[in-house]
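Take a look at the chain below. This report walks through its pocket, its surface, its charged pairs and a few residues in its loops.

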Amino acid sequence: FAPVAVALPAGDARAEYLRARIENNAILPFQRQDSGMIIPLVTANALLIRPPFAPAIQSGSLVPYLHV
């Protein structure tokens with residue numbers, strides 16, 4: 001788990017694995033998660049895990065992630 005650097009909106013019915021970077025001991029998801037975005041895919045060092053129907057969360061909340 002790591003604190004998220006930005007607030008995240010509530011999720012929908014699908015699980016999400018957001019491309020992100022661990023910076024300054026916090027996880028920062030990339031703003032654009034489009035599948036065609038190559039730079040975030042290459043520079044990501046973590047995947048932030050959002051389960052189905054995840055509630056909105058505030059900056060600083062602890063979130064699960066996978067280190068890649």
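Strands here are DSSP runs of at least two residues, numbered from the N terminus. The model is predicted.

**Loops and backbone**

Start with Asn24. Asn24 sits in the loop that links strand 2 and strand 3. Its phi is near 55°, a positive value in a residue other than glycine. Is Asn24 buried or exposed? Asn24 has 78% relative accessibility and the cut-off for exposed is over 50%, so Asn24 counts as exposed.

Phe53 also has a positive phi, about 60°, although Phe53 is not a glycine. Phe53 belongs to the loop between strand 4 and strand 5. Its relative accessible area is 62%, so Phe53 is exposed.

Pro51 is found in the loop between strand 4 (46-50) and strand 5 (62-63). Pro51 is partly exposed, because its relative accessible area of 45% lies between the cut-offs of 20% and 50%. Pro51 and Gly36 are 15 residues apart along the chain. Their C-alpha atoms are separated by 23 Å.

Ala26 gives another pair to look at. Ala26 is part of strand 3. Ala26 and Ala2 are 24 residues apart along the chain, and 5.8 Å separates their C-alpha atoms. Why does Ala26 count as buried? Its relative accessibility is 15%, and buried means under 20%, so Ala26 falls in that class.

**The largest pocket**

Rolling a probe the size of a water molecule over the atoms shows where empty space is left. The largest pocket holds about 180 Å³ of space. How many residues line the largest pocket? There are 13. Leu8, Pro9, Leu18, Pro29 and Phe30 lie nearest the centre of the pocket. Strand 2 (16-23) and strand 3 (26-29) each give the lining at least two residues. By type, the lining has eight nonpolar residues, three polar ones and two charged ones.

**A nonpolar patch**

Which residues make the nonpolar surface patch of about 310 Å²? They are Tyr17, Leu66 and Val68. Leu66 is in strand 6 (residues 65-67). Leu66 has 42% relative accessibility, so Leu66 counts as partly exposed.

**Salt bridges**

Side chains of opposite charge can pair when their charged atoms come close. How many salt bridges does a search of the whole structure find? The search finds two. The table gives both pairs.

| Salt bridge | Closest N and O atoms |
|---|---|
| Arg21 and Glu23 | 3.5 Å |

Arg21 has a relative accessible area of 26%, so Arg21 is partly exposed. Glu23, the partner of Arg21, is partly exposed at 37% relative accessibility.

Notes. Residues numbered from 1 in each chain as written. Predicted model: local features only at pLDDT ≥ 70, side-chain atom pairs only at ≥ 80, totals over all residues. Heavy atoms only, no water. 1 Å grid on protein atoms, 1.4 Å probe; cavity = no way out; pocket = protein on both sides within 12 Å on 5 of 7 lines; lining within 4 Å. Points joined across faces, edges and corners; volume = space filled by probe spheres on them. Helix = DSSP H or I, 4+ residues; strand = E, 2+ residues; numbered from the N terminus. Nonpolar A, V, L, I, M, F, W, Y, C, P; charged D, E, K, R; others polar. Patch = residues over 30% accessible without salt bridge, like charges linked within 9 Å, V, L, I, M, F, W, Y side chains within 5 Å. Areas by Shrake-Rupley, 256 points an atom, 1.4 Å probe, with all protein chains shown as cover. Salt bridge = Lys/Arg side-chain N within 4 Å of Asp/Glu carboxyl O. Buried < 20%, exposed > 50% of the residue type's maximum accessible area, 1.4 Å probe, protein only.
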